[in-house]
Amino acid sequence: MSTAQHLPHTVEALLADGTTVTIRPIGPADRAAVLDLHAERMSDESRRMRFFGASRQAPQLAADRLCAAPRPELLALGAWVGGELVGEADCESVQGRPDTAELAVVVADDWHHRGVATLLLEHLVHAARQNGIRAVEADTLAGNLAVHRVFTDLGLPVHRHLEQGEVRVRVPLDETDEHYREAVDERGRRADIASLAALLRPASVAVVGASRRPGSVGQSVLLKIRQAGFTGQLWAVNPYAAEVAGEAAYASLGTLPGIPDLAVLAVPPIAVAGAAEECGQAGVRALVVLASGLDAHTAGQLMHACRRHSMRLVGPNSLGIAQTDPAIRLDAEFGAVWPLPGSAGVAVQSGGVGIALLERLTWLGIGVSSFVSLGDKYDVSGNDLLQWWESDGSTDLALLHLESFGNPRAFSRTARRVTRRFPILTVDAGRSPAGRRGAASHTAAAATPTVAREALFRQAGITATRSLSELVDTAALLHSQPLPSTRCAVAVVSNAGGVGILAADACADAGLTQLELPPDITAELRELLPDGSATANPVDTTAAVRPVELAACLDTLARSRAVDALLVCLVPTALATGPHDDPVRALLDGPARRRVPVAAVLLSQEVPVRYLTCSDGGRIPSYADPQAAARALAHARDRAHWLTEPPSPEAAPPPGCDPRSARHLVEAFLAANPDGGWLDPALTVELFDCYGLPLTISIWVPDEHGAVVAAQSLRQLGHRGEVVLKAYWPGQVHKSTLGAVRTGLATDGQVREIFREFTERFGRQLTGVVVQPMAAPGLELLAGVVQDRVFGPLAVLGLGGTATDVLDDRTARLAPLTERDLATMVTELRGSPVLLGHQGAAAVDVAAVQDVLARISHLATDLPQLAELDLNPLIARPDGVLCVDARVRLEPRGSFDPYLRRLRRPAAAEEVREP
Ligand code: ADP
Ligand code: MG
């Protein structure tokens, strides 16, 4: 174990049954608790079955070992529920083998089979890895099945061997394999769902702060719950009234005839913390807090009550929740509409958006499976709900409005899985045009929060719309129509030529494939349609078309293999004398679901989108604006595309990556520079070497003589025998704009001249000069990575060199990059044709570019302290790539494992910590 021990933080996480447990390091102050756990809370039998044999003095020894002054070779974590120690796991490095640790786990008898040991081990494994432990070992009694199961369930490779009658278990930790992550995910998912049941399928609900004042939030929620026909017990809590809106009221939670699963707190902010604590003590399992504007102290107390008493929390600042399952029928929100029962899961951060969205969905006729107004998201987040919907058996469409992400990497992991089953739609809220101007590296300037969010959505297969209207438009299509094929060639049919052209333009704008109808289809259409019709795409049936003719035309197109989607634009005409002449009949009388998706555009329609109900009962979305229809089709196409691509594995670390040495370098730098900063050229070279990044040779020299000597030794390596001089001073930003880069120097005289020019121009700030061989010309690219505090590392590839900003051509992905990310990043730049070989020019070595991307992705994921890294230019040629300018900035930062199971800790509630 390294001397600088990384102590794990205090975190809260969920046990298998949804109970909240606090995990934190055990210290000297916990002696009494450890003694109690080992002496009182375990039977002799369990003590014998402990991982390390057992002895009569075991409790004493354990307390001595775990609660002495902190020792760098020992990591010990405890699991607390409601302030009581229920389990402990520790590992202590083995003498003489600092990268191996002896493991022990103990769980109180009455807490067995609830996942305490597994959760403790997950966190211990993480902490052990952080501290350089590569394997843990334990002795287990050969007959102890439970212990074996814990190890197998953990999902880590377990090696067993018999040693003097005892089974010795060895678990190597240095392979972060997908299997382990999946096992952790699966446990997290089950625990999460168990904990959310009290919230979304409660058998009893109390409204705390149910007011007698009509129109108050408390009374509205109470009335809505009752009127929606909640199937469980409903109680009103109000200390000042015996009855609220016809419902008997109780003075306090303690006086209720039963324990509510869920409490809706409709009390003012000042009373929230007290009410939450009261709920916790009464045994409530979930809270919805409607109040907004909690101060930090109240926020902290609220969180504390929830964690201590195992309550999941929605809000504060929530509009409420709704569950439409007929077995529950809970409508505990104070919006204006009653959500219809259905299969759309809806979660919103802003209550206003929630009201608007519910209204539109209700109006449109899309029902909701469950609705949650997340509010300030202290605890329950979009990620929780995705997991709930994934397995609630009724949701087949998720609609999210999220303004912020607590743990985007965990969210992305869940979303990637869920989007394979049903669409997740979101409004990409909070786009800002302003990049991070003035950022020191091009990579950082390119990596705005918007870029990171877009990358997250794209990588997870989430359908991101640009407005609430677009979200509803798209939901209307995805919810009623089959997906098109990935080609999505759209046939446009209209009864008025001009409208058809507008629709065809809209399709082009949305990036949909322009379809040319095959001759046999156009011939068939000519037979079917009135004289004067245009039978090429867009098809113009003329206003004279009769519904039967139009229906036949639509059938022909829908059956054709050339057509992947139908856009039918109809305007009412004076020629229609009765309802049976109405061209819309052609749609209504036909089947709603065909082989291909169908969308209608009725320009005269007063609402942006609605459903047309067909005679077979199915629905076709109808839009007032062809642009809206085309955008919805484009989203459907993108989803179809996403579904055809199998999940891509993370790109494997290329050969020659040495994270250990890199970690040492970074730790040493941060020890000397506690606030972090830019690496100097020498350290940059060293770090790049650890990851096998192709950096040109750079010699740093302090004086003119050194420059000449360096140039002489490098000249033969340089293109045309030339070298490059770069003025260097710490903290410099873009060198060439200041005249600090001089290329193509062929003679000693030139080197001397430029050196003198540098000293004159930059004076005292100049600390030296970097000499490099002149690189052969090639395509200048930008490759880099920025660590976002919330999103994690974001890898960027673009056209680079001194014109980076003008070209403004880049693409970004959240790391770790997958094989597919590597494949698509190099093909989706505007300038990609140049990379891939353009007009007879040879392609650059694309594999080498991808190799660099894979290396920086690993570098950034291995080293959370890497704040930004910028290779600009990375000169790409047919025979390889070479970086001639690299900048790296480090920041002190602890490691954060996005996959470790833990509950959120909202910033607002940071103030109050565990006692
Ligand atoms: P900065 O980005 O700080 O302005 P660079 O070191 O990237 O400075 O140099 C600017 C430009 O000079 C590069 O984009 C590249 O075109 C050219 N250049 C720099 N170093 C070399 C080199 N060793 N070989 C060839 N060209 C170089
Ligand atoms: Mg540069």
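Is N872 buried or exposed, and what is its relative accessible area? In this predicted model, N872 is buried, with a relative accessible area of 6%. The legends below take up this residue again, together with other sites in the chain.

**Figure 1. Domain layout of the chain, as given by the domain assignment.** Domain 1 covers residues 11-175, domain 2 covers 194-478 and domain 3 covers 490-644. Domain 4 is assigned in two segments, 648-696 and 775-884, and domain 5 takes in residues 697-774. Taken over C-alpha atoms, the centres of domain 2 and domain 5 are separated by 60 Å.

**Figure 2. The shell of residues around ligand 1.** Ligand 1 has 19 residues around it, and those that come nearest are K726, K735, S736, A775 and E780. Domain 4 (648-696 + 775-884) and domain 5 (697-774) each contribute at least three residues to the shell. Four strands, β32 (723-728), β33 (741-745), β34 (768-773) and β38 (866-877), supply at least two shell residues each. By residue class, the shell divides into 8 nonpolar, 7 polar and 4 charged residues.

**Figure 3. Polar atoms of the protein beside ligand 1.** A polar side-chain atom of K726 is placed 2.6 Å from an oxygen atom of the ligand. The backbone also takes part in the view: a backbone N or O atom of P773 lies 3.2 Å from a nitrogen atom of ligand 1, and a backbone N or O atom of N872 lies 3.2 Å from an oxygen atom of ligand 1. Of the 540 Å² of accessible area that ligand 1 has on its own, the protein covers 90%.

**Figure 4. Protein donors of the magnesium ion, ligand 2.** The donors from the protein are N872, through O, and D885, through OD, and they lie 2.1 Å from the ion. The two residues are 13 residues apart and link distant parts of the chain: N872 belongs to strand β38, whereas D885 sits in the loop between β39 (880-883) and β40 (886-890). N872 has a relative accessible area of 6% and is therefore buried. D885 is likewise classed as buried, because its relative accessible area of 18% falls under the 20% limit.

Figure 5. Most residues other than glycine have a negative phi, and most peptide bonds are trans. N317 is placed in the loop between β15 and β16, and its phi is positive, near 65°. S310 is buried, with a relative accessible area of 9%, whereas N317 is partly exposed at 34%.

**Figure 6. The cis peptide bond from A815 to P816.** Omega of this bond is near 0°. P816 is located in the loop between β37 (810-814) and α26 (819-825).

Technical notes
Residues numbered from 1 in each chain as written. Chains lettered and ligands numbered in written order. Predicted model: local features only at pLDDT ≥ 70, side-chain atom pairs only at ≥ 80, totals over all residues. Heavy atoms only, no water. Domains from an automatic or database assignment. Near = heavy atom within 4 Å. Polar contact = N/O pair within 3.5 Å; in protein donor to acceptor, adjacent residues only side chain to side chain. Areas by Shrake-Rupley, 256 points an atom, 1.4 Å probe, with all protein chains shown as cover. Nonpolar A, V, L, I, M, F, W, Y, C, P; charged D, E, K, R; others polar. Donors = N, O, S within 2.8 Å, 3.2 Å for Na, K, Ca; no water. Buried < 20%, exposed > 50% of the residue type's maximum accessible area, 1.4 Å probe, protein only.
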